[in-house]
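Here is my note on the model, as numbered points. Please read it with the structure open.

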Amino acid sequence: MRKTLTAIAAAVFAVAGFVAPASAEGEKFVLVSHAPDSDSWWNTIKNAIAVAGEQMKVSVEYRNPPTGDLADMARIVEQAAASKPDGIIVTIADYDVLSGPITEAVARGIPVVTINSGTLEQSKKLGALMHVGQPEFDAGFGAGERLGAAGAKKFLCVNHYITNPASVERCQGFAAALGVELGNQMIDAGQDPAEIQNKVAAYLQSNPDTNAILALGPTSAHPTLAALEQSGKAGNILFGTFDLSPEIAAGIKAGKIDFAIDQQPFLQGYLPVVFLTNLARYGVMPSNSVNSGPGFVTKDNIEMVEKLAGQYR
């Protein structure tokens, strides 16, 4: 659910273990993500820690499990804590797998900020100082507010990852913004493109009064757009999606997709470095967590987003 304009993004800062410029003050931080080496979405976060490291004059090391193995990630968190950094930035990709290593780091007295994956509640349980990410219910609610203002009444939420509670929260937030029950307006689409396209087409045929669709990412957005184009309804049904891809960008430009929701990963990398640096130097830290999203990509700003893809968006 965390894709960006991978086909047009510059492959910058793609090497695992990238380290931002060293600090005269000596502060050193480690960011541990769950992403495999193949996931280019994280290039934006790598760039963010490079920018923050240069501005704050600190070093920030990026570490990750090369294949995305979470047990490997847990070991990396343990190793990071053992190196005694001035702070650790970490994703909560799986609370059960990572709770031990993260709480151990906190017990060592290492300031921890969680980002991206997980919830504010989980972050607090782990003893982290704050969480920087996108609350999924709120993001869905924001999508519902936008399409509701445009006239959405009957909708379809195309959920391609229904076993993930966060995906359901997106659909629930959307329904709440429209003031209706979610009910059968959310479908378990699966992840096969042909199957998704067929399910969307069948739903629209059975529910002809549907005038809005929310997809939860490129996996469901691409075949949904194909179903709309095949039926001649593309551009006539309100359509929002999460995340970005070249196809989604083209759909926004063509007026077939109203918006894409961007969780603004640059902020997820940049802000924790700034906050932890200020904590180390001056003992100050915001008392609240930060919602990095939802940010909305529309026809009004898509050209700028494309230019900055892979570095800042």
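1. Strands here are DSSP runs of E, at least two residues long; helices are runs of H or I, at least four residues long; both are numbered from the N terminus. Two strands pair if DSSP finds at least two bridges between them.

2. Basis of the model. This is a predicted model: local features need pLDDT of at least 70, side-chain atom pairs count only at pLDDT 80 or more, and totals for chains, interfaces and linings use all residues. Residues are numbered from 1 along each chain as its sequence is written, and side-chain values use heavy atoms, with hydrogens and water left out.

3. Strands 10 and 12. Strand 10 (residues 259-262) runs antiparallel to strand 12, and three bridges join them. Asp262 stands opposite Gly295 in strand 12. Contact means heavy atoms within 4.5 Å. Axes are lines fitted to C-alpha atoms, for helices over the stretch in contact, and angles between N-to-C directions run from 0 to 180 degrees.

4. Another six strands form an open sheet in the order 2-1-3-4-5-11, with parallel pairing. Its edge strands are strand 2 (59-63) and strand 11 (290-291), each pairing on one side only. Helix 3 (residues 95-107) packs on this sheet, touching strand 3 (87-91) and strand 4. The direction of helix 3 makes about 165° with that of strand 3.

5. Strand 3. Is strand 3 buried or exposed? Five of its five residues are buried, so the rest of the structure largely encloses it. Buried means under 20% relative accessible area, exposed over 50%, and partly exposed in between (1.4 Å probe, protein chains only). In a regular strand the side chains alternate between the two faces of the sheet. Gly87, Ile89 and Thr91 are buried on one side of strand 3, Ile88 and Val90 on the other.

6. Partners across the parallel sheet. Strand 1 (residues 28-32) pairs with strand 3 in the parallel sense over four bridges. The bridge partner of Val30 is Ile88 in strand 3. Strand 3 also pairs with strand 4 in the parallel sense, over four bridges. There, Ile88 stands opposite Val112. Three bridges join strand 4 (residues 112-115) to strand 5 (residues 130-133), again running parallel. Val113 has Met130 of strand 5 as its bridge partner.

7. Whole chain. The protein chain has 11 helices and 12 strands. Its C-alpha trace spans about 60 × 35 × 35 Å along the principal axes. Buried residues make up 51% of the 313 residues. Among contacts between residues at least 6 apart in sequence, 76% join residues at least 24 apart.

8. Confidence. The mean pLDDT (the predictor's confidence in each residue, from 0 to 100) is 91, and 92% of residues reach 70 or more.
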